[in-house]
Amino acid sequence: MTLAIAAAAGLFMLSAAPATAAPLGEATTGARAGQACTDVKLSGSLPVPPAGTAVKQQITIGPDCKPQLGPVQRVTKDGAGAAEVSARTIGAAVAAGTRQVNSASEMYDCCNIRMTGLYTTSTWTTDGARITTASTDATQQWNREPWNAGWSLVSSSKNADCLADCAVSNNEAHAAFSYKGIFDTSGDRYANTHHSYVELKADGTASCRFDVELKNTFIGWNWQRSCQ
C-alpha cells in the first residue's frame, strides 16, 4: 500500500450501534446476519489519482454491527486493476489547465443491489497560482420497486465557498433518501443520507471526503465510495 493510500485509509472513522439499543459507539456482541443495526455513521477520505484511474473502497457492515474496511484500490476507469501509484504521483501538481474530479458515494444491500447514491463532478481551471474558475454538479440515484415503491429522494443540495480567483475551492453536496416499500410499508424505518466534499486546489491537486448516515442497516450492507 502506498503512503498516500495508507494515509487515506488511516483517516477513516467509523461508529455504529446495534438495534439492541446500545449507545452509539459502544462495543456490542451477539449480532447475527439479518439483525438490524441502527444509527450507523461512516466517514473517510480518498486521494485523487492520476487521470484515467480511480481510487475506491468498500466498507461492509460486519458481525456485531461493526463496519469492516476493505482495501483502498486503484483501478482504471474501465474497472481493470492498476498498479499502485506512489504518493509523489498522486500529489503531483499540474502547472496550468483544466482539471476534473468525479466522486461517488453508494449504499448497497447484502444482495449487492444499489439502494442510494450521490455523485459529483467538479471542474476547475488554474493558471498554476490561482483557481480561475470552479464548478461542481451533483446528481442522485435511487432504487425503485414495482407499484411506485422503494427508495425516494427527500432532499438534495450543493454549495461552494469560492468559484473564482481562489487558492482553494471547497465544494460539497448532500442528499437524503427515505424508503417505503416491500421491506417496510410504514416508510419510517430506513433513511440514507450522503455527504460528499471535494477540495480543489490551485496547483491542480484535489481530494475527496465522504460521510454517510444510515437510520437502520443490516449485516452485509456495504458502502462503496470512489474518487477519480
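Analyst: A disulfide is taken here as a pair of cysteine sulfur atoms within 2.5 Å. In this predicted model, that rule gives a count of 3 disulfides. One of them joins Cys 208 to Cys 227, with an S to S distance of 1.9 Å, and because the torsion about its S-S bond is about 45°, this disulfide is right-handed. Cys 208 belongs to strand 13 (residues 206-218) and Cys 227 to strand 14 (residues 222-227), so the bond ties together parts that are 19 residues apart in sequence. Cys 208 counts as buried at 1% relative accessibility, and Cys 227 counts as buried at 0%.

Cys 37 and Cys 65 form another disulfide, their sulfur atoms lying 2.2 Å apart, and the torsion of about -85° about the S-S bond makes it left-handed. This pair links distant parts of the chain, 28 residues apart, since Cys 37 is in strand 2 (residues 36-47) while Cys 65 is in the loop between strand 3 (53-61) and strand 4 (67-69). Both Cys 37 and Cys 65 are buried.

Cys 162 is joined to Cys 166 at an S to S distance of 1.8 Å, and with a torsion of about -90° the disulfide is left-handed; Cys 166 counts as buried, at 2% relative accessibility.

With the bonded cysteines numbered in sequence order, the pairing reads 1-2, 3-4, 5-6. Cys 110 is in no disulfide, the nearest cysteine sulfur being that of Cys 111 at 4.3 Å, and Cys 110 is exposed, with a relative accessible area of 55%. Cys 111 is likewise in no disulfide, and at 58% relative accessibility Cys 111 counts as exposed.

Conventions. Residues numbered from 1 in each chain as written. Predicted model: local features only at pLDDT ≥ 70, side-chain atom pairs only at ≥ 80, totals over all residues. Heavy atoms only, no water. Helix = DSSP H or I, 4+ residues; strand = E, 2+ residues; numbered from the N terminus. Buried < 20%, exposed > 50% of the residue type's maximum accessible area, 1.4 Å probe, protein only.
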